[in-house]
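This explanation looks at the open spaces in one protein model and at the residues around them. Start with the structure shown here.

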Amino acid sequence: MAAFQQFKLPPILPDLLTLYSYDRVFAGGLMSIYAVIGLLASLGLAAAMMRFGPPRILTGALVFLFIGNMFGLAAPLSAAAMMAGRACEGLGFAILAILGPVYANRNAAPRHLPLAIALTAIWIPVGQLSAGALAPLAHALGDWRLVWLISLVVVLIFGGWARSIYRHRRFDMVAGIGQVTATPISAAERRRLIVAAIIFLLWSTQYFAYMTWLPQFLIEVHGLGPTAAIFGYALPVVLLIGFSLLTARGLRAGLPLAPLLTGALVLQAGIWLTMGWADSAASGLLSLVLYGVGIGITPVCLFGMPAAILGPMRSGPKAFAILMTGRNCGVLIGPILLPQLIVLTADWHAAGPVFSAGTALAAVLAGGLALALRAAAR
């Protein structure tokens, strides 16, 4: 539900650009504002969860999501109102982005932890696919606001469901949050968490640039129609989900997390580097497939880092707030950086070497983190 709020924008973005003549950098900012809010709020939200408890914070998240959708529906012609609406949604998203992984890690039995991490990793693509599935219907009806209306209804349904769970105690919505951990985070563990956050930053930069602008790229460069572009957009997302679940099985079978992450990042760096040559239908399809494999492995490994570094029961709001700070930086940079590169060079393919270099740096850091975790285990 949270990811749907963020990713309802990219499939509808071509419509908004046509109807309201938004500047492209501003349009990228409608995605990046989520990151700005996350950067400003994540560490404070972790402290608030520890003080007030997750149920109250969850209620606040739903209220902000509701208000944000209302802004978008009420005044899409106003750039300020549209940005304000996305900012409110971003605050709700920032809360759920921390709370969801903490719930999953705290409530999973040890043998189910890899599956919990995989489900944590695929919440973004499931939200993307949900939004992408609605976009063709909105196009057929000629009204993008259908997506925002459904988004509003989903928030209300989720709020009712969460209240029912809380009232009937069918799930521990506190999950031990607020209890003082027996072992505080050491300086070495904090450094490893920060390195993991930097890897998340570099990976998210290229991932959110790719996924925000892929529909527009397929329309402008490959000449696809809006509906066909959405299917092209959905392909790597479907692969992401499948390979995330496969990665969870591999981790449960004993595959080392950090080396797996390193390999996936190397693959994605290669895809960016060769993107300029993937101009035929066959090579373009192969590029989408291989990219989908890489992005399926990476988030499982990244969301698994707090448990790998601290252990499952110590991977609470503070650890995930550090990790999500890195992610939010990437969400801020990527959707804005790519259109700036296009403006400067008048060439979509100019982004390839830039994002390839950033992803390659992430692979180097992941390799170093793998060595550090192996040394710590010894």
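By class, the residues that line the second largest pocket comprise 17 nonpolar and 5 polar ones, with no charged residue among them. The model is a predicted one, and the values here are computed from it.

How much space lies in this second largest pocket? The second largest pocket holds about 370 Å³. Its lining is made up of 22 residues, and L214, F217, L218, H222 and L288 are the closest to its centre. Helix 9 (187-220), helix 10 (226-252) and helix 12 (281-310) are the elements that give two or more residues to this lining. Helix 9 supplies the largest share, with 6 residues.

Next comes the largest pocket, which has a volume of about 870 Å³. Its lining consists of 27 residues. Nearest the centre of the largest pocket lie L96, G100, Y103, F158 and W161.

Which helices supply at least two residues each to the lining of the largest pocket? They are helix 1 (2-7), helix 5 (79-107), helix 6 (113-121), helix 7 (123-141) and helix 8 (145-168). Helix 5 provides the largest share of this lining, 8 residues.

By class, the lining of the largest pocket has 22 nonpolar and 5 polar residues.

Notes
Residues numbered from 1 in each chain as written. Predicted model: local features only at pLDDT ≥ 70, side-chain atom pairs only at ≥ 80, totals over all residues. Heavy atoms only, no water. 1 Å grid on protein atoms, 1.4 Å probe; cavity = no way out; pocket = protein on both sides within 12 Å on 5 of 7 lines; lining within 4 Å. Points joined across faces, edges and corners; volume = space filled by probe spheres on them. Helix = DSSP H or I, 4+ residues; strand = E, 2+ residues; numbered from the N terminus. Nonpolar A, V, L, I, M, F, W, Y, C, P; charged D, E, K, R; others polar.
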